[in-house]
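Work through the exercises below with the sequence and the structure at hand. Try each task before reading its solution.

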Amino acid sequence: MGKMAATVGSVATLAAEPGEDAFRKLFRFYRQSRPGTADLGAVIDFSAAHAACGTGPCAHKVLRSQLSVSSVSDHDAHRAGLQPVSKWQAYGLQGYPGFVFIPNPFLPGYQWHWVKQCLKLYSQKPNVCNLDKHMTQEETQDLWEQSKEFLRYKEANKRRPRSLLEKLRWVTLGYHYNWDSKKYSADHYTPFPSDLAFLSEQVAAACGFQGFRAEAGILNYYRLDSTLGIHVDRSELDHSKPLLSFSFGQSAIFLLGGLKRDEEPTAMFMHSGDIMVMSGFSRLLNHAVPRVLPSPQGDSLPCCLEMPLPAVLPRDSVVEPCSEEDWQVCTSYLKTARVNMTVRQVLATDQDFPLEPMEEKKRDITTEGFCYLDDESSQVKRVKLNPDS
């Protein structure tokens, strides 16, 4: 492959491989991009000043989005660790109706609760994870306890083997997604976390979706060499409800395309605390994450994660205190990683799952099968399982 020119224009002139579509072409470009150069000049940064004032290379695509401020009380927002909705900034993109991007609306320090839940609580049984295919249930019973001492002293022994938490790639919640059949079913369900359901309900209501029910979640755990392949989230039976995405940790590039892969996608940064909502037309668009961006300062946390969770929380808050020990483990993990929570409503009101043939019911939910989040150490495996990535 020829050397890539470090200009914004190089995106358009990058030679396509045989049979390569426009989305895949741009995915490959950003996967190989060099932070700190013009390679990232066309990536929209909603948290930067140009998103608000209408300047920048892609500012013509950025639109202000209206939120339903009265649908979420300031008290309920605070209970979930969010600022009052009146203080949120929300943006859309021309040509992508139903897409809403909310740059970090979390109160200072409150992201720590959600990071800790992803690493310490949501990774526990009975929830399902990628490690289940290769390990017994007893071995994956409590990934946090098995990993916390490794992570606390990570910098003192950088050559040690990865802990189980560092090998985690995905966890499913609620209705557990079957990577083989690409379906949900009533037979594979565990109670959805009440705190995450409350957070999701507030964000959905602020975006005009009162009555949203959080029924399924897929948590993705990214290392710096991880990618999320090109895909569409269409397995939910009710597409009238939004898909909610929450990002924590290191920044990444997100690509949002069209209904077909031959439509060139729009690139944007996702920073810690950012929330994306995909609904309506944008609910079934192709999207992907080609690159997680290392911190310019080396192994360090984003600024918004440097402030600890307040010692005093609202009495009815769904957010729980975070101990100094837990904070140290989360800090060590996030210096070279990113966590993403996607929450969906699977069924419409009063809807049931269709009856499945008996052979479908025998599929093993813990089979890893087709999993489009992976890292470069597993390139051969990813090519076999997911040509999209």
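This is a predicted model: local features need pLDDT of at least 70, side-chain atom pairs count only at pLDDT 80 or more; totals for chains, interfaces and linings use all residues.

**Exercise 1. Helix α5 and helix α9**

Task: Classify how the axes of α5 (residues 111–121) and α9 (residues 324–334) are arranged, then describe the residues of their contact.

Solution: 
1. The two axes come within 10 Å of each other and cross at roughly 80°.
2. Angles of 65 to 115 degrees count as roughly perpendicular, so α5 is roughly perpendicular to α9.
3. On the α5 side, the contact is made by W112, V115, K116, L119 and K120. The α9 side supplies D326, W327, C330, T331, Y333 and L334.
4. Sorted by type, the residues of this contact comprise 7 nonpolar, 1 polar and 3 charged.

**Exercise 2. Strand β9**

Solution: 
1. Buried means under 20% relative accessible area.
2. Strand β10 (residues 266–270) runs antiparallel to β9 and is joined to it by 5 bridges.

**Exercise 3. Aromatic pairs around W179**

Task: Rings pair if their centres lie within 6.5 Å. Count the aromatic pairs, classify the pairs of W179 with W170 and with Y177, and state which residues form the cluster.

Solution: 
1. By this rule there are 10 aromatic pairs.
2. For W170 and W179, the ring centres are 4.8 Å apart and the planes stand at 50°. Planes under 30 degrees apart count as stacked and those over 60 as edge-to-face, so the pair of W170 and W179 is tilted.
3. For Y177 and W179, the centres are 5.0 Å apart and the planes are at 90°, so this pair is edge-to-face.
4. Both W170 and W179 are buried. The relative accessible area of W179 is 1%, and Y177, at 10% relative accessibility, counts as buried too.
5. One aromatic cluster is formed by W170, Y177, W179 and Y184.

Key
Residues are numbered from 1 along each chain as its sequence is written. Side-chain values use heavy atoms; hydrogens and water are left out. Axes are lines fitted to C-alpha atoms, for helices over the stretch in contact, and angles run from 0 to 180 degrees between N-to-C directions. Helices (H or I, at least four residues) and strands (E, at least two) are DSSP runs, numbered from the N terminus. Angles under 35 degrees count as roughly parallel, over 145 as roughly antiparallel, 65 to 115 as roughly perpendicular and the rest as oblique. Contact means heavy atoms within 4.5 Å. Ala, Val, Leu, Ile, Met, Phe, Trp, Tyr, Cys and Pro count as nonpolar, Asp, Glu, Lys and Arg as charged, and the others, Gly among them, as polar. Two strands pair if DSSP finds at least two bridges between them. Rings of Phe, Tyr and Trp (its six-membered ring) pair if their centres lie within 6.5 Å; planes under 30 degrees apart count as stacked, over 60 as edge-to-face and the rest as tilted. Buried means under 20% relative accessible area, exposed over 50%, partly exposed in between (1.4 Å probe, protein chains only).
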